[in-house]
Amino acid sequence: MALTSDQIDLGDTRVADFVITVLEDAKASDVRLLDVRQLTDITDYMVIANGTSRRHVVAMAERVREAGLKLALRPLAVEGEGEGEWIVLDYGDAVIHLMMPDRRVFYDLDGLWDPELGQILKQRRQLTGDG
């Protein structure tokens with residue numbers, strides 16, 4: 001599905017929503033959007049998705065990059081394209097992790113960046129006066 005800039009949500013999740021749409025079209029599996037604003041200052045959102053093979057992971061990254069260029073969205077950095085096991089595309093507001101399922105289980109980014117942890121940290125900071 002081809003997207004135009006007027007079809008992209010201009011809210012806080014603009015880049016993440018766009019990426020999710022592209023990944024769904026590319027047949028990514030287990031796509032998850034994480035709001036990590038309470039956990040880190042490096043990005044607002046993370047999108048994590050599985051590919052079925054290394055070639056599929058690389059193809060998903062290419063689809064995201066090509067679709068983004070049509071909307072003047074360029075990644076700040078890209079890592080992991082050579083191996084195809086785990087590719088990271090950094091769009092500033094959103095960091096995209098495209099992974100083989102075994103890598104995703106091993107590194108457990110879903111658990112590490114769980115948004116519920118953000119609520120726990122926020123509550124602790126309020127109790128200690130740090131935030």
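## Exercises on a predicted model

Strand S4 is joined to strand S5 (residues 94-99) by 5 bridges, and the two run antiparallel. Keep that pairing in mind as you work through the exercises below. The structure is a predicted model, so a look at its confidence comes along the way.

### Exercise 1: The overall layout

Find how many helices and strands the protein chain has, and in what pattern they follow one another.

**Solution.** 
- Step 1. Count the elements: the protein chain has 5 helices and 5 strands.
- Step 2. Walk along the sequence, and the pattern reads α-β-β-α-β-β-β-α-α-α.
- Step 3. Turn to the contacts between residues at least 6 apart in sequence: 55% of them join residues at least 24 apart.
- Step 4. Look at burial and surface. The protein chain has 131 residues, and 37% of them count as buried. Its accessible surface is about 7,700 Å², with 49% belonging to carbon and sulfur atoms.

### Exercise 2: Confidence

Work out what the average pLDDT of the protein chain is, and over which residues pLDDT stays under 50.

**Solution.** 
- Step 1. Take the average: the protein chain comes to a pLDDT of 83, and 84% of the residues score at least 70.
- Step 2. Now go to the start of the chain. Over residues 1-11, pLDDT stays under 50. For this stretch the model has 14 contacts beyond four places in sequence.

### Exercise 3: Strand S4 and its neighbours

Describe how strand S4 pairs with S3 and S5, and sort the residues of S4 by face.

**Solution.** 
- Step 1. Begin with S3 (residues 77-79), which pairs with S4 in the antiparallel sense over 3 bridges. Across this pairing, Val 78 has Leu 89 of S4 as its bridge partner.
- Step 2. Cross to the S5 side, where Ile 87 is partnered by Leu 98 of S5. The hairpin of S4 and S5 has 3 residues between the strands, and Gly 92 in the turn has a positive phi of about 80°.
- Step 3. Recall a general rule: in a regular strand, side chains alternate between the two faces of the sheet.
- Step 4. Sort the residues of S4 (residues 86-90): Ile 87 and Leu 89 make up the covered face, while Trp 86, Val 88 and Asp 90 make up the uncovered one.

### Exercise 4: A network of charges

Identify which residues are linked with Arg 104 in a network of salt bridges, and state whether each is buried, partly exposed or exposed.

**Solution.** 
- Step 1. Get the total: the model has 7 salt bridges.
- Step 2. One of them joins Arg 104 to Asp 30, with the closest N and O atoms 3.7 Å apart. Arg 104 lies in helix H3 (residues 101-107) and Asp 30 in strand S1 (residues 29-35), so this pair ties together parts that are 74 residues apart in sequence.
- Step 3. Judge the burial of these two. Arg 104 has 6% relative accessibility and so counts as buried, whereas Asp 30, at 51%, counts as exposed.
- Step 4. Take the salt bridge between the side chains of Asp 110 and Arg 32, at 3.4 Å from N to O. Asp 110 is in helix H4 (residues 109-112) and Arg 32 in strand S1, 78 residues apart.
- Step 5. Asp 110 is buried at 13%, and Arg 32 is partly exposed at 30%.

### Exercise 5: An aromatic cluster

Find which residues form one aromatic cluster, and how their rings are arranged.

**Solution.** 
- Step 1. Count the aromatic pairs: there are 2.
- Step 2. Trp 86 and Tyr 107 form a tilted pair, 4.9 Å centre to centre with 45° between the planes. Trp 86 lies in strand S4 and Tyr 107 in helix H3, so the pair ties together parts that are 21 residues apart in sequence.
- Step 3. Phe 106 and Tyr 107 form an edge-to-face pair, 4.9 Å centre to centre with 85° between the planes.
- Step 4. Compare with accessibility: Trp 86 is partly exposed at 25%, Tyr 107 is partly exposed at 38%, and Phe 106 is exposed at 64%.
- Step 5. Conclude: Trp 86, Phe 106 and Tyr 107 form one aromatic cluster.

Notes: Residues numbered from 1 in each chain as written. Heavy atoms only, no water. Buried < 20%, exposed > 50% of the residue type's maximum accessible area, 1.4 Å probe, protein only. Helix = DSSP H or I, 4+ residues; strand = E, 2+ residues; numbered from the N terminus. Pairing = 2+ DSSP bridges. Contact = heavy atoms within 4.5 Å. Areas by Shrake-Rupley, 256 points an atom, 1.4 Å probe, with all protein chains shown as cover. pLDDT = per-residue confidence, 0-100. Salt bridge = Lys/Arg side-chain N within 4 Å of Asp/Glu carboxyl O. Phe/Tyr/Trp six-rings, centres within 6.5 Å; stacked < 30°, edge-to-face > 60°.
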